[in-house]
Amino acid sequence: MGALIGQYGYQVLSAGTEAADDGRIFGLDPQLLFDAAILALNIFILFTLASYLLFNPVRKMLTDRQAKIAAEKEKTAADMEKAELLKAEYEEKLKGVDKEVEAILSDARKKALKNQERIEGEAREEAARIIDNARKEAELEKQKAVDDVKKEIIMVSTLMANKLVAAAIDKDTQDTLIDETLREIGDETWLS
């Protein structure tokens with residue numbers, strides 16, 4: 001085809017030079033018109049073939065690329081929307097977590113106060129129990145001391161009585177001494 005175009009181009013040039021030999025500047029003869037028409041037809045065929053072989057695949061590639069870009073834009077927009085929803089959900093959860101943490105801390109404080117009150121109450125009861133036991137022990141010790149004193153008094157009285165009896169006191173004198181000793185000791189000694 002290129003050879004065909006080259007041949008016709010040569011003919012057009014040679015026709016132009018022949019016309020110049022005839023005395024015309026531009027020789028417009030039927031052969032030149034025919035060659036020009038063939039050349040135009042060849043150029044038209046060449047462009048048609050080139051469009052089918054080159055332009056249409058390039059156009060298809062460009063339209064495919066535009067479709068791909070549009071799809072990626074839609075996907076990106078959908079992903080952004082999804083990301084915004086996830087972000088809002090995450091922030092809402094964070095707010096909920098803060099409230100939940102505050103509620104847990106509040107419950108823990110309440111339990112700690114209840115435990116503190118319970119422990120303090122138990123400590124008070126234990127202290128009262130210890131004080132009560134100490135009082136009872138002191139009372140028992142006091143009673144024991146009183147009983148010991150009474151026993152000592154009785155022993156001393158018995159020893160005195162034995163000594164007096166041993167000194168040969170008769171029965172009437174012994175009875176009188178015991179009665180006097182009991183009166184001297186009196187009921188108050190026995191009652192305390």
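User: What are the ground rules for the numbering and the values?

Analyst: This is a predicted model, with residues numbered from 1 along each chain as its sequence is written; local features need pLDDT of at least 70, side-chain atom pairs count only at pLDDT 80 or more, and totals for chains, interfaces and linings use all residues. Side-chain values use heavy atoms, leaving out hydrogens and water.

User: How many helices and strands are in the chain?

Analyst: The chain has 3 helices and 0 strands. From the N terminus, the elements run α-α-α. Helices (H or I, at least four residues) and strands (E, at least two) are DSSP runs, numbered from the N terminus.

User: Why is Tyr52 called exposed?

Analyst: Exposed means over 50% relative accessible area, buried under 20%, partly exposed in between (1.4 Å probe, protein chains only). Tyr52 has 57%, so Tyr52 is exposed. Tyr52 lies in helix H2, residues 30-166.

User: Which nonpolar patch on the surface includes Tyr52?

Analyst: Tyr52 belongs to a nonpolar surface patch with Leu41, Ile43, Phe44, Ile45, Phe47, Leu49, Leu53, Leu54 and Phe55. Together they have about 1,100 Å² of accessible area. Patch residues have over 30% relative accessible area and no salt bridge; nonpolar side chains (Val, Leu, Ile, Met, Phe, Trp, Tyr) are joined within 5 Å, like charges within 9 Å.

User: What makes Asp64 and Lys60 a salt bridge?

Analyst: The rule asks for a side-chain nitrogen of Lys or Arg within 4 Å of a carboxyl oxygen of Asp or Glu. The closest N and O atoms of Asp64 and Lys60 are 3.3 Å apart, and the pair forms a salt bridge. Both lie in helix H2, 4 residues apart, about one turn of the helix.

User: Why is Asp64 labelled partly exposed, and why is Lys60 labelled exposed?

Analyst: Asp64 is at 40% relative accessibility, so Asp64 counts as partly exposed. Lys60 has 52%, so Lys60 is exposed.

User: How many salt bridges does this rule give?

Analyst: The count comes to 7. Among them, Glu122 pairs with Arg118 at 3.2 Å between the closest N and O atoms. Glu102 pairs with Arg109 at 3.8 Å.

User: What makes Glu122 and Arg118 partly exposed?

Analyst: Glu122 has a relative accessible area of 42%, so Glu122 is partly exposed. Arg118 has 44%, so the label is again partly exposed.

User: What percentage of the chain is buried?

Analyst: Buried residues make up 6% of the 192 residues. The chain exposes about 16,500 Å², with carbon and sulfur atoms supplying 63% of it. Areas come from the Shrake-Rupley method with a 1.4 Å probe; for residues, only the protein chains shown count as cover.
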